[in-house]
Amino acid sequence: MAGQQPSGLPVPEGTKTVTEGQATILHQGENVFYNPAQVINRDLSVAVLRYFVKQRREEIENGTLKAPRQKRTPAEAIQLKEAGGAEGPVQRPKLDENIRILEGLAASGLRSIRYALEIEGVKRIDANDLDEAAAAAVRQNLELNDSKASGLVRPTQGDVRLAALQNPDGYEAVDLDPYGSPAQFLDTAVQAVSEGGLLLVTATDMAVLCGNNGEACWSKYGCYPLHRPYCHEMALRILLASLEAHANRHKRHIVPVLSLSIDFYIRVFVRVYTSAEKVKDSASKQMYVYQSSGCDSFFTQPVGRKSPKGKGFKFAPGHGPVVPQQCPETGSGWIMGGPFWSQPIHDQAWVKGILAILEADKGNFQAYSKVRGLLTSASEELPDVPLYYNLHTMCKTLRVTPPGNSTVRSAIVNAGYRVSGTHANPLGLKTDAPPEVMWDIMRCWVAEHPSKKPLDPDSYEGKLLSKEPKIQANFARANGAQRSQHGPRVPRFIPNPEANWGPKSRHKVARWDASEGNDSVPARTSAPEQATAIANAAGEGDASIDTAMPEQAGTVAEEKTKDDKQHVT
Ligand SMILES: C[S@@+](CC[C@H](N)C(=O)[O-])C[C@H]1O[C@@H](n2cnc3c(N)ncnc32)[C@H](O)[C@@H]1O
């Protein structure tokens, strides 16, 4: 029997429907792509776009967002002269408060329909897909929904790169949600976003971005990734740097407002502005990382420097190297990663604003708890500390049982440094404490909790533990060290509802698809760290650590043997 939909239209017999947020679509099996796990991505994007519409409207009203002055083309200048016009300033076009959205890789159109029905202040949504079946599905799905959706969503079929450039006025928001890598779509996308507009980009090629294929990452994103515990944040920073590089070629630059590593993918939200002047800052917004090949120590180095000179600024290459020839802890060599984005990856006002939008309409968002956890975590991150340590990989390097996360956090604060968690890893510690202080804290911990195993003085752990600590760590509970003191006691890491909550294979007929294989990494591993994290959380009453773990990069202890062993003395 055919069923009835909210629009009153019948559903073809034997076809299932899916409802997410305010939208309903037909489930077309393998013919058109649909991944229920991406509800988190879609919920998050609805909330971010709602905040963007509100924010942009305020900026237009108070004059902080203006269309850039367009230079007259030579033909326009001649026309003006012939007409006897004065050579006065070029008028700025008035910005429309309502927004046009391009969903360049729309598949079923679910996301576009949700945008139409759940976001106020939308003027038009172009739901584009290369695949004929997908474009047909968007048309069919529009029929199932409130007529507001058909009034706003315009289904188109073609390559996203052409779609992006075919609207000369651009789009206030461009959404890229491809299979695998978005790299080949970035250049046209940064051009298609109107002034101060929002670019929303998903990347699921985490194996590439997290350093399993460094050379592939270099060719796609122009960065050498490192497969180290911080690789999920590094992946975000690689994508941001790549977006900035593409924008710079068109005298534009990006301002990240939210950048999240979620289960099996990353999603970034950046605003795009035009300014030849600001493009000069770009090198000073990138950095390299020197990673010890023998332990978890790492040091960062800016690519470029910007310093005041007279009334302006001077720009110069970064100073370096910031490290001695050999790792001070283990005597091993370094591997170098980068360049990647060094500046904040979120705008905290946006994070708070998006959280408020989510709270105010929680019934609409199926993935409310997950998104709230991610945003709460992001709101607590130290904004000026790129990358993080993983306590458990440090302990693996030392071959000792890990202390509780909050015990080490306290020792860091008691030593006079700042510390926070990271949304990208429940065991991650962001801190401005240098590696020697982190190792001193661990040395003091091991001195109080000695291992029964004999120590080989030539091993990395032997070298690390044979040094006398320069500071005496104080593990007493410190104010400001506990995660829950930074915000409400909400669970930060929410378990996923199903076992195979991860990437889905491509739909059957995308034979023209320009992107390469779906080189995603699995959503999660059953890392042994999970158990300890949960135990830590329970033992220390830390509500912030939950059971879901992002995929853990290979530990330094495992990786170090692979990397330039010849440097080890
Ligand atoms: C991961 S799906 C998109 C999912 C969708 N955004 C959602 O939220 O459900 C990727 C889609 O990109 C389409 N695609 C692949 N290459 C494309 C291209 N060059 N231009 C436009 N669409 C493309 C595929 O046909 C597929 O439907």
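The dialogue below walks through one predicted model, feature by feature.

Visitor: How are the residues numbered, and which pLDDT cut-offs apply?

Guide: Residues are numbered from 1 along each chain as its sequence is written. Since the model is predicted, local features need pLDDT of at least 70 and side-chain atom pairs count only at pLDDT 80 or more, while totals for chains, interfaces and linings use all residues.

Visitor: What is the average pLDDT of the protein?

Guide: The term pLDDT is the predictor's confidence in each residue, from 0 to 100. Here the protein averages a pLDDT of 86, and 85% of the residues score at least 70. Over residues 510-569 the pLDDT is below 50, although this stretch has 140 contacts in the model beyond near neighbours in sequence; two residues are in contact if their C-beta atoms, placed from the backbone, lie within 7 Å.

Visitor: How many helices and strands does the protein have?

Guide: Helices (H or I, at least four residues) and strands (E, at least two) are DSSP runs, numbered from the N terminus. On that basis the protein has 19 helices and 17 strands. Among contacts with a separation of 6 or more, 72% come from residues 24 or more positions apart.

Visitor: What is the strand order of the seven-stranded open sheet?

Guide: Strands of a sheet pair through backbone hydrogen bonds, either parallel or antiparallel. Two strands count as paired if DSSP finds at least two bridges between them. In this open sheet of seven strands the order is β5-β4-β3-β6-β7-β9-β8, with mixed pairing, and the edge strands, each pairing on one side only, are β5 (153-157) and β8. One parallel case is β3 (residues 99-103) with β6 (residues 171-176), over three bridges, where Glu-103 has Asp-175 of β6 as its bridge partner.

Visitor: Is strand β8 mostly covered or mostly exposed?

Guide: A residue is buried if 20 or more other C-beta atoms lie within 10 Å of its own, exposed if 12 or fewer, and partly exposed in between, with C-beta atoms placed from the backbone. Strand β8 is mostly covered, since ten of its eleven residues are buried, and for the protein as a whole buried residues make up 49% of the 569 residues.

Visitor: Which strands does helix α3 lie across?

Guide: Axes are lines fitted to C-alpha atoms, for helices over the stretch in contact, and angles run from 0 to 180 degrees between N-to-C directions. Helix α3 lies across β3, β4, β5 and β6, and runs at about 175° to β4. Both α3 (110-118) and β4 (122-129) supply at least two residues each to the shell around the ligand.

Visitor: How many residues surround the ligand, and which are the closest?

Guide: A residue is near a molecule or strand if its C-beta atom, placed from the backbone, lies within 6 Å of it. The ligand is surrounded by 25 residues, the closest being Leu-105, Ala-107, Leu-130, Val-160 and Asp-177. By class, the shell has 13 nonpolar, five polar and seven charged residues, where Ala, Val, Leu, Ile, Met, Phe, Trp, Tyr, Cys and Pro count as nonpolar, Asp, Glu, Lys and Arg as charged, and the others, Gly among them, as polar.

Visitor: Where does Ala-107 lie, and what is its phi?

Guide: Most residues other than glycine have a negative phi, and most peptide bonds are trans. Ala-107 lies in the loop between β3 and α3 and has a positive phi, near 50°. Ala-107 counts as buried because 27 other C-beta atoms lie within 10 Å. Arg-399, in the loop between α14 (391-398) and α15, also has a positive phi, near 55°, but Arg-399 counts as partly exposed because it has 17 C-beta neighbours inside 10 Å.
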